[in-house]
Amino acid sequence: MGKRVAVVLAGCGVFDGSEIHETSAVLVHLSRGGATVKMFAPNIEQMHVVDHLKGAPTEEKRNVLVESARLARGEIQDLSQLDVKDLDAVIFPGGFGVAKNLCSWAVQGKDCSVQAQVQSTLQAFHSAGKPIGLCCISPVLAAKVFPGCEVTVGHDKDDRAPNVPGGGVWRGGGSRGVESSHPVAPLCSQGPDVPGGVGRPDVPGTAEAITQLGCTHVCKSVSETHVDQKNRIVTTCAFMCKAPLHEVFDGIGAMVQDVLKLA
């Protein structure tokens, strides 16, 4: 019998919601693994809306559940309706929406708060001994909710732009999520390799913040996962690493396989 897996989304689009390629990869690999999928998202307003062409915030207001329905092809439920008894595992794809809508990591870093329904969902699966899969930036949710857990967001040293200091601000013609003057050192660093010079994930800074929360950060490549056997948490770095799309896809596949093995 196939496993029953919840996938929790944070909107639609890398800069203010769930990362579309990561979400698709999760769903493809769950389908390949014979799982039955139910999709959920909190019925809340997004932190803000980002014009993905300009990389700048707009004045629009959007709802996380409504936007997530785009990715779910309309087949999605309010996260408040999730019942852990009906499911065997839960997976959270990445995307900046995780750090903006599911928690406030994008602004507050390790001092962030986790959205109430997201926290209760994580705690319910953990208490039931059911596996939790997280990729890209979403492992910070586990680091915040489960002190002492083990996760990966990639490497604790960033070799993609060695001459660029970590921990800057999103700069350029606006930002990938917050006004250009707004410091987001918990999430991003400056980087000329990014179109518009607006910034990219600060992987070493995120890894350091995870350790400051009393958790263990385990360095892994994009194709690898880390399985915290004690807490039944499976993580992979996905787009936190600069890697070809097919390698991100394969790494997420490894995460999904490990989740299904534990379920």
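This is a predicted model: local features need pLDDT of at least 70, side-chain atom pairs count only at pLDDT 80 or more; totals for chains, interfaces and linings use all residues.
Close-up 1. The ring centres of Phe15 and Phe96 sit 6.0 Å apart with their planes at 20 degrees, so the pair counts as stacked. Phe15 comes from the loop between β1 (4-8) and α1 (20-32), while Phe96 belongs to helix α3 (residues 96-102), so the pair links parts of the chain that are 81 residues apart. Both Phe15 and Phe96 are buried.

**Close-up 2. A look into the largest nonpolar core.** This core has 71 residues, and Leu30, Phe92, Leu141, Ile252 and Met255 touch the most other members. Helix α8 (residues 245-262) gives the largest share, seven residues. Now pick out Leu141: leaving aside residues up to four places away in sequence, Leu141 touches Phe92, Val98, Leu102, Cys103, Val114, Val118, Leu122 and Leu134.

Close-up 3. In α2 (residues 64-71), the buried residues are Val64, Leu65, Glu67, Ser68 and Leu71. They span an arc of only 160 degrees around the axis, which means they lie on the same side of α2. What covers the buried residues of α2? Among the elements doing so are α1, β2 (36-41), β5 (77-78) and α3.

Close-up 4. After α2 comes Arg73, which has a positive phi, near 55 degrees.

Conventions
Residues are numbered from 1 along each chain as its sequence is written. Side-chain values use heavy atoms; hydrogens and water are left out. Rings of Phe, Tyr and Trp (its six-membered ring) pair if their centres lie within 6.5 Å; planes under 30 degrees apart count as stacked, over 60 as edge-to-face and the rest as tilted. Helices (H or I, at least four residues) and strands (E, at least two) are DSSP runs, numbered from the N terminus. Buried means under 20% relative accessible area, exposed over 50%, partly exposed in between (1.4 Å probe, protein chains only). A nonpolar core is a set of buried Ala, Val, Leu, Ile, Met, Phe, Trp, Tyr and Cys residues joined through side-chain atoms within 4.5 Å. Contact means heavy atoms within 4.5 Å. The arc is that of the directions from the helix axis to the C-beta atoms.
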